[in-house]
Amino acid sequence: MIPSKLILAPMDGVIDAPMRRVLTSSCRYDYCESEFVRVSGQCVTSSRLLSMVPELRCGGVTAAGTPVYVQILGQEPEICAASAELACRLGAPGIDLNFGCPARQVNKSGGGAALLKDPDLMHGICCRVRDVVPAGIPLTAKMRLGWDSSDRCLELAEQIWSAGVDALCVHGRTREDGYATGTVRWDLIARIREACPVPVIANGDVFDRASAMECSRITGCDSLMLARGAVSLPNLADVIRLDAEPFSYRRMVEAVVAFTEAFREYSPDRDPFPRVKQFLSYLRGYYNAMVSLNIFRRVCACGSLAEALSLLQSSTAEADQLEPEA
Ligand SMILES: Cc1cc2nc3c(=O)[nH]c(=O)nc-3n(C[C@H](O)[C@H](O)[C@H](O)COP(=O)(O)O)c2cc1C
């Protein structure tokens with residue numbers, strides 16, 4: 001089964017505004033999400049929202065026109081609600097609630113996946129946020145299967161959907177699973193989908209067309225959310241939906257250059273080089289030529305970004321010789 005709806009996942013420190021611009025220009029996503037906006041103790045400020053989600057200054061969409069939902073991560077219903085309301089006033093085209101973040105610091109203060117241990121509070125957050133998000137703006141939530149066990153995943157999902165969210169995204173792992181390969185439970189996402197009256201979005205370990213079709217078949221979900229795979233292959237959504245050719249090595253290098261330019265535009269005072277290396281470390285997962293040409297190691301050894309970009313651009317000729325279709 002080919003999924004009809006593909007969503008670009010939130011990834012803190014990885015899929016920020018410049019990366020959203022590059023990935024949503026490389027292929028078509030139905031919408032994407034901001035990195036989590038942590039709210040604790042007090043409502044988020046407009047300036048913080050606008051700096052984390054600069055697309056709010058341009059109608060809440062990326063340059064390609066892809067809507068950017070704002071993801072809120074908090075543990076106090078009133079503060080989450082006030083923050084969501086402000087995001088809507090600033091033009092957010094959708095709001096998502098984070099019930100999956102495994103970061104120790106966040107969990108210690110009761111946020112993210114820690115809320116899976118307190119289903120009543122999680123329900124309370126969803127209800128309070130539902131009260132303030134206008135009916136025309138979708139409210140979604142993203143959960144893991146549980147804290148250290150998936151035994152109560154159906155009950156947790158019900159606490160969310162019964163509060164009136166418009167869709168529920170399920171990352172098929174517990175908090176304890178982290179991001180470990182082989183731990184994702186598409187079968188449990190299927191059970192949640194069967195019980196849930198609103199659309200369920202399946203997430204976890206979709207890296208190519210075959211895994212997308214398999215995930216869709218097992219979960220029965222028509223909507224998938226793509227995270228690490230989307231960064232490893234910049235046109236993954238089109239590869240899945242349209243059976244498009246994966247970006248060639250040359251197109252991939254163009255995407256890295258486009259990311260550098262977008263990063264400079266959004267953060268003129270910051271050095272893009274560490275983020276370029278991070279992008280390459282994801283791309284290395286897909287591009288064999290990168291491994292055989294030792295590009296990642298050679299780029300890391302470069303003294304400057306200019307040198308790294310010139311090396312990358314010159315490597316396209318080498319890659320063409322190695323693997324014309326790579
Ligand atoms: C570095 C990193 C940062 C992430 N940040 C967020 C986040 O801000 N909000 C969120 O809901 N999920 C976050 N996630 C989880 C992803 O959205 C996704 O649920 C997870 O990676 C599983 O999908 P995948 O197997 O397709 O990567 C993050 C994951 C990673 C690896």
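1. Val256 first: this residue is buried, with a relative accessible area of 0%. You'll find Val256 in helix 11, which spans residues 249-266. One distance to keep in mind as you turn the model: Val256 and Arg241 are 15 residues apart in sequence, yet 23 Å separate them in space, C-alpha to C-alpha. And a reminder before going on, since this is a predicted model.

2. On to the ligand. The space that the ligand takes up is the largest pocket. There are 18 residues around the ligand, and those that come nearest are Pro10, Asp12, Asn203, Asp205 and Arg228. By type, the shell around the ligand splits into eight nonpolar residues, five polar ones and five charged ones.

3. From the backbone, Phe36 places a polar atom 3.2 Å from an oxygen atom of the ligand. Ala227 also uses its backbone, with an N or O atom 3.3 Å from a ligand oxygen. With His171 the side chain takes part: one of its N or O atoms is 3.5 Å from an oxygen atom of the ligand. As for cover, the ligand has 610 Å² of accessible area on its own, and the protein covers 90% of that.

4. Asp205 sits in the loop that runs between strand 8 (200-203) and helix 8 (209-219). Is Asp205 buried or exposed? Its relative accessibility is 15%, and because the cut-off for buried is under 20%, Asp205 counts as buried.

5. Asn294 has a positive phi too, about 60°, and again the residue is not a glycine. Where is Asn294 found? Look in the loop between helix 13 (288-292) and helix 14 (295-300). Its relative accessibility is 34%, so Asn294 counts as partly exposed.

6. Now Glu35, in the loop between strand 2 (31-33) and strand 3 (37-38). This charged residue has a relative accessibility of 10%, so Glu35 counts as buried. For a sense of scale, Glu35 and Leu311 are 276 residues apart in sequence, and their C-alpha atoms are 31 Å apart in space.

7. Pro54 is another loop residue, found between helix 2 (46-52) and strand 4 (68-73). At 15% relative accessibility, it falls under the 20% cut-off and therefore counts as buried.

8. Last, the start of the chain. Met1 belongs to the segment before strand 1 (5-8). With a relative accessibility of 46%, Met1 counts as partly exposed. From Met1 to Cys169 the separation is 168 residues in sequence and 19 Å in space, taken C-alpha to C-alpha.

Methods: Residues numbered from 1 in each chain as written. Predicted model: local features only at pLDDT ≥ 70, side-chain atom pairs only at ≥ 80, totals over all residues. Heavy atoms only, no water. Near = heavy atom within 4 Å. Polar contact = N/O pair within 3.5 Å; in protein donor to acceptor, adjacent residues only side chain to side chain. Areas by Shrake-Rupley, 256 points an atom, 1.4 Å probe, with all protein chains shown as cover. 1 Å grid on protein atoms, 1.4 Å probe; cavity = no way out; pocket = protein on both sides within 12 Å on 5 of 7 lines; lining within 4 Å. Sits in = over half its atoms within 2 Å of the grid points. Helix = DSSP H or I, 4+ residues; strand = E, 2+ residues; numbered from the N terminus. Buried < 20%, exposed > 50% of the residue type's maximum accessible area, 1.4 Å probe, protein only.
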